[in-house]
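Please view the sequence and the model together while reading.

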Amino acid sequence: AELKTGGAPGAPRSRWGRVLVVAQMALSLLLVVWAGLLIRTIVNLRQVDPGYDTENLLVFELRPLESVVKGDDLASFHERVRLNLAGIPGVRSVAFSSGGWWPKASVPDLPPETVLVGIVSDGWLATMGVNLLAGRDFTPADTGGSEPVAIVNEALARHFFPGANPVGLSITTGGRSDRPELHQIVGVCSSYRRDVHWEPQMTIYFCQRQNVRRGVSFTVRSVLPALALVPAVRRAVAEIDPGLPLVELTTQKLLLEKSLSQERTLRLLFVGLGVLALGLSCLGLYGLMAHQVTSRTGEIGLRMALGARPADVARPILREAGRLALLGIALGLPLALALARVV
């Protein structure tokens, strides 16, 4: 009777302690499961085929000033840079492109659709490792004075020309001044992912000589590791314009890794929070059990004096700890599975 009376004041505190420990166990399990899902997401995204070869591909931008290179000389300036870069030992091919925009494209009998436009030089597809499936690439014969030509990717060809070969046909796009422009399709290339999170987008490519832009992005394919070419690339550009900086100099593989930065940040966050919550739940469980042992010291001493074995004394305490842990798992696991698809 005296032992029971001594343990009564601690009962409400122990009850709330049990509730907190179970809640901590459920929360820690939830966070650990989410961390595992994000790790699997990153692994899956890294296994996605982007549709081009990312190995040994160096990329950078050049933005010559108007005061240095006049508008009429931009095409020849870009070509001089390309030839200088192509002369570097170990370089297989060099091409350049410029940022596109999202106009409406249309063909007869179909509603217009928003597509991505890219402006590329000769050999850009081959340099990137994008396959030409039909027709031809851009050639030096495609100039500002010749008929406007375009290359479309497989996704666009499948949408606008299902079951047909679009080479030789025409497609209308809204120009940068919102005036419709008619282009003859001279080639079809494979689709590639600009971002591994999304499916390939419908894309139409225009020839650089017919759409000269000031700022361009150079792509250098080599047989050497891409970053090993950086000093030689800087020297090659400096031979033409010593004051022209190389903007956003990096590799295509690093650009793909950069696109996964959000998943990596969330992974670190959830792993850190999960480990912290798991540690706190273990600490709470330990504290609760320690409190119970302390509050039952008299009972334990009496039972030991009457001949109880240490295992008999420890068993109910450990059983209580296991019961709380299992209850936390039983609550946290269904919640984690229910929210897994959202994550």
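Two strands are said to pair if DSSP finds at least two bridges between them. Helices (H or I, at least four residues) and strands (E, at least two) are DSSP runs, numbered from the N terminus. The model is predicted, with local features requiring pLDDT of at least 70 and side-chain atom pairs counted only at pLDDT 80 or more, while totals for chains, interfaces and linings use all residues. Residues are numbered from 1 along each chain as its sequence is written, and side-chain values use heavy atoms, with hydrogens and water left out.

**Overall form**

- The protein contains 10 helices and 12 strands.
- Its radius of gyration, taken over C-alpha atoms, is 33 Å, whereas a compact globule of 343 residues would be near 20 Å by the rule of 2.2 Å times the number of residues to the power 0.38.
- The C-alpha trace spans about 105 × 55 × 35 Å along the principal axes.
- Of the 343 residues, 38% are buried; buried denotes under 20% relative accessible area, exposed over 50%, and partly exposed the range in between (1.4 Å probe, protein chains only).
- Among contacts (heavy atoms within 4.5 Å) with a separation of 6 or more, 79% join residues 24 or more positions apart.

- Strand 7 (residues 149–153) is mostly covered, with 5 of its 5 residues buried.
- Val149, Ile151 and Asn153 point one way from strand 7, and Ala150 and Val152 point the other way.
- Strand 7 runs parallel to strand 9 (residues 180–189), to which 5 bridges join it; valine 152 stands opposite valine 188 there.
- With strand 10 (residues 203–207), strand 7 pairs in the antiparallel sense over 3 bridges, and isoleucine 151 has tyrosine 205 as its bridge partner.

**Strand 1 and its partners**

- Strand 1 (residues 57–62) is largely enclosed by the rest of the structure, because 5 of its 6 residues are buried.
- Its antiparallel pairing with strand 11 (residues 216–222) extends over 6 bridges, and leucine 62 stands opposite valine 216.
- Strand 1 also pairs in the antiparallel sense with strand 12 (residues 247–251), over 3 bridges; threonine 251 is the bridge partner of leucine 58.

- Asparagine 56, in the loop between helix 2 (11–46) and strand 1, has a positive phi of about 55° and is partly exposed at 25% relative accessible area.
- Aspartate 109, in the loop between strand 3 (104–106) and strand 4 (113–114), has a positive phi near 75° and counts as exposed at 80% relative accessibility.

- Leu266, Leu269, Leu273, Leu276, Leu280, Leu283 and Tyr286 form a nonpolar surface patch with about 690 Å² of accessible area together.
- Patches are made of residues with over 30% relative accessible area and no salt bridge, with like charges joined within 9 Å and nonpolar side chains (Val, Leu, Ile, Met, Phe, Trp, Tyr) within 5 Å; a salt bridge is a side-chain nitrogen of Lys or Arg within 4 Å of a carboxyl oxygen of Asp or Glu.
- Leucine 276 lies in helix 8 (residues 261–295) and counts as exposed at 51% relative accessibility.
- Histidine 291, also in helix 8, is partly exposed at 22% relative accessibility.
- Histidine 291 and proline 162 are 129 residues apart in sequence and 73 Å apart in space, C-alpha to C-alpha.

Terms used
Areas by Shrake-Rupley, 256 points an atom, 1.4 Å probe, with all protein chains shown as cover.
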